[in-house]
Amino acid sequence: MPSNDSAALGELKRNLPAPMPGHEPPAPLDHGSAGLLRDYADQLKRKTPLARVNCAEFTDDPVPDLLTDIKRQLMRRCDPYPRLQFRRLELALAVTDQPINFRNHRAAQRNIKQAAKATFAPPSVSANAVTESGAVLGQVVPGTAQVPALIAGLYQARFPTLYSFYKWFGHRDVGEVDEPLDYLANLNRWAHPLAAPGPAREAELRKRDRALVAAFLADLRHAYGRGRLAKEQWYCCVALLTNADALAGKAFLARLHEVTEWLRRSQVEPAAFLVVTDRVKAPETGRTT
């Protein structure tokens, strides 16, 4: 932990630029001061997508709830950054929301696909709006009454298709060859384990949490790998975690470390995501508590 606020701020600034291809992902910064994190929030406001989270608030289902809140805050408008989207994470959260009965395989497949479609359905353009626009345009410029329908089709087509995100669950950027539907079915099972409370149940929930974190990081890699964010070095998205020693904080940081290491070993480019915590390092070991 840096010895003073000035050194801590300098360390933060050094870690803010998004990692370039071939570089290591930014490691979490443990700065040991809730007050310092408040100062960071003031410094970073409107400079980069920012989430400020109190980990002690998430006790029921810690990692999914904490990730959902981080996602919600990072999606807020932060000019000049484009609005971030978390389609993979949203699909994973939708699929894990309720247990699916796999005794009827066809019904289970339908439930998973319906959750996916509900997550990614583009905003609809009403038929009345298209018809009225066509009538007006046809009066002004003869022969152009069908143009609004074409524009409406292009408008909906510009949204990311379901398939481009759905298929990610088959390869997950590491060259896996699973069927996306099979992996999503396993994800639902991990989220609702049949085992009684104990080590086996906790192991299944950790698998779910790792899958959610992997989807979250994949969404950030996608965002920073295309469009304006790919053309120059922007700042990382930042999550400031207070009370990081609470259950949610420790679980999230553990899963983040596991997934980051797995991706590093698989030679996947790092995501532009920096975590700063108020967690204090234990002096006798030098490791975080």
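View 1. Asp219 touches Gln85, Phe86, Arg87, Arg88 and Leu89, not counting residues up to four places away in sequence, where contact means heavy atoms within 4.5 Å. Asp219 lies in helix α11 (residues 199–224); helices (H or I, at least four residues) and strands (E, at least two) are DSSP runs, numbered from the N terminus. Asp219 counts as buried because its relative accessibility is 2%, the classes being buried under 20% relative accessible area, exposed over 50% and partly exposed in between, with a 1.4 Å probe and protein chains only. This is a predicted model, in which local features need pLDDT of at least 70 and side-chain atom pairs count only at pLDDT 80 or more, while totals for chains, interfaces and linings use all residues. Residues are numbered from 1 along each chain as its sequence is written, and side-chain values use heavy atoms, with hydrogens and water left out.

View 2. Four strands form an open sheet in the order β1-β4-β3-β2, with parallel pairing; two strands pair if DSSP finds at least two bridges between them. At the edges stand β1 (29–30) and β2 (50–54), each of which pairs on one side only. Helix α3 (residues 62–74) packs on the sheet and touches β2, β3 and β4, its direction making about 145° with that of β2; axes are lines fitted to C-alpha atoms, for helices over the stretch in contact, and angles run from 0 to 180 degrees between N-to-C directions. Strands β3 (residues 237–242) and β4 (residues 273–277) run parallel and are joined by five bridges, and Leu240 has Val276 in β4 as its bridge partner.

**View 3. Leu241 and the largest nonpolar core.** The largest nonpolar core has 80 residues, and those with the most contacts inside it are Ile70, Phe216, Leu241, Phe252 and Phe273; such a core is a set of buried Ala, Val, Leu, Ile, Met, Phe, Trp, Tyr and Cys residues joined through side-chain atoms within 4.5 Å. Helix α11 supplies the largest share of this core, 11 residues. Leaving aside neighbours within four places in sequence, Leu241 is in contact with residues including Leu37, Val53, Ile70, Phe252 and Val276.
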